[in-house]
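Please keep the sequence and the 3D view at hand.

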Amino acid sequence: MINLNRLAMFVAVVEAGSFTAAADTLGTTKAVVSFNLKQLEQELGVALLTRSTRRLALTEAGEGFYAECARLLREADAAVDVARSGQATLSGSLRVTATVDYGNRIVAPALAAFARLHPALRVSYQASSAHADLIGDRLDLAIRVGALADSSYRATAIGQFKLLLVASPALLDEQGAPRTPQALAAMPWLANRPGRSDHWRLNDSKGREHALRVAPVAHADTASALLSFAEAGCGVAALPDWLLEEPLARGTLLRVLPSYSLPSQQVYAVYPDTRHVSAKVRRFIDLLRA
């Protein structure tokens, strides 16, 4: 039977990029890691890594084997967590990723609170505008907002927030405060993605829907960047309510057509579709919901 520790060393080498870095991560020596990788390759009868003086690279066989090893180790960790689920103390590691703004504002503070509750647990947080490969990057959980793309991952809704239409006082003085959706559509707009943010649907106070086609004058891939553009008077922006409390209180931004609303945005916890969902993932999702 293949030694599970050797699989863990192989995965550590791939993720760390070198035998030395993997040894540091595992708390062992480079010689031990190198010996075990050679033994693993001999047992399998294939080369998993190509080695040079400067870098390591996966062979074709190594790429497929790495993905399966990462999945297997995740399953093993989850099975151990299930066995320990009755215990109050969590241990091991919890690796979480989230979109930049929502993650930094909401997820990171929650993860910090979770780490304080479970001091034996090592936590890791990554903020990125791009959707991560949970399996390949050995991430336990992703927090995503908005519509989800079809995938092999599992997802559960954990909350929602509102998008508010805002603009700077200077822009509203210059353009005039819009009083109808048609007047709003004629104003300069800010968008988060080119080509995908020129259609909006608003609901009025009677529940009637109004379709708008707008002309974005600037794009940015984070809500905080759009916030800066909006405060500078570049255009109207639809921004999350959790980002707007301070700008609205300071008066650097004002609500536009406040009697009209945009559809609520969902927040999801996304995680690999494994047989066991680990206790640390389940408990952190519960904390985020709360």
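Eight salt bridges occur in the structure. The term covers a side-chain nitrogen of Lys or Arg within 4 Å of a carboxyl oxygen of Asp or Glu. Side chains of opposite charge can pair when their charged atoms come close. The model is predicted, so local features need pLDDT of at least 70 and side-chain atom pairs count only at pLDDT 80 or more, while totals for chains, interfaces and linings use all residues. Numbering runs from 1 along each chain as its sequence is written, and side-chain values use heavy atoms, with hydrogens and water left out.

Three of these contacts are tabulated here.

| Salt bridge | Closest N and O atoms |
|---|---|
| E68 with R71 | 3.1 Å apart |
| R208 with D204 | 2.8 Å apart |
| R250 with E246 | 3.8 Å apart |

Take E68 and R71. They sit three residues apart in helix α4 (residues 60-83), so about one helical turn separates them. Helices here are DSSP runs of H or I with at least four residues, strands are runs of E with at least two, and both are numbered from the N terminus. E68 has a relative accessible area of 42% and is partly exposed. R71 is partly exposed too, at 38%. The classes are buried under 20% relative accessible area, exposed over 50%, and partly exposed in between, with a 1.4 Å probe and protein chains only.

R208 and D204 fall into two classes. R208 is partly exposed at 49% relative accessibility. D204 is buried at 9%.

R250 and E246 lie four residues apart in helix α9 (residues 241-250), about one helical turn from each other. Both R250 and E246 are exposed. Salt bridges with shared partners join E231, E246 and R250 into one network.

**Hairpin**

In which sense do strands β9 and β10 pair? Strand β9 (residues 199-203) and strand β10 (residues 209-213) pair antiparallel, over five bridges. Pairing requires at least two DSSP bridges between two strands. N203 stands opposite E209 in β10. Five residues lie between the strands of this hairpin, and G207 takes a positive phi near 85°.

**Aromatic contacts**

The structure contains seven aromatic pairs. Rings of Phe, Tyr and Trp (its six-membered ring) pair if their centres lie within 6.5 Å; planes under 30 degrees apart are stacked, over 60 edge-to-face, and the rest tilted. For Y102 and W242, the ring centres are 5.3 Å apart and the planes are at 75°, so the pair is edge-to-face. F10, F65 and Y66 form one aromatic cluster.

**Cavity**

There is one cavity of 30 Å³ or more. The largest cavity has a volume of about 60 Å³. The search uses a 1 Å grid over the protein atoms alone: a cavity is a set of points where a 1.4 Å probe fits but cannot get out, a pocket is an open set with protein on both sides within 12 Å along at least five of seven lines, and lining residues have an atom within 4 Å of a point. Grid points are joined across faces, edges and corners, and a volume is the space filled by probe spheres set on the points.

Residues lining the largest cavity include T97, S128, H131, I143 and R144. Strands β3 (92-98) and β5 (141-145) are the elements giving two or more residues. β5 gives the most, with three residues. By class, the lining has five nonpolar, four polar and one charged residues. Nonpolar means Ala, Val, Leu, Ile, Met, Phe, Trp, Tyr, Cys and Pro; charged means Asp, Glu, Lys and Arg; the others, Gly among them, are polar.

The largest pocket holds about 1,100 Å³ of space. It is lined by 35 residues, of which V145, G146, N192, R193 and Q265 are the closest to its centre. Elements giving two or more residues to this lining are α5, β5, β8 (189-191), β9, α8 (223-231) and β12 (237-240). β12 supplies the largest share, four residues. The lining of the largest pocket has 20 nonpolar, nine polar and six charged residues.

L239 belongs to strand β12. L239 is buried, at 1% relative accessibility. L239 and A223 are 16 residues apart in sequence, and 6.7 Å apart in space, C-alpha to C-alpha.
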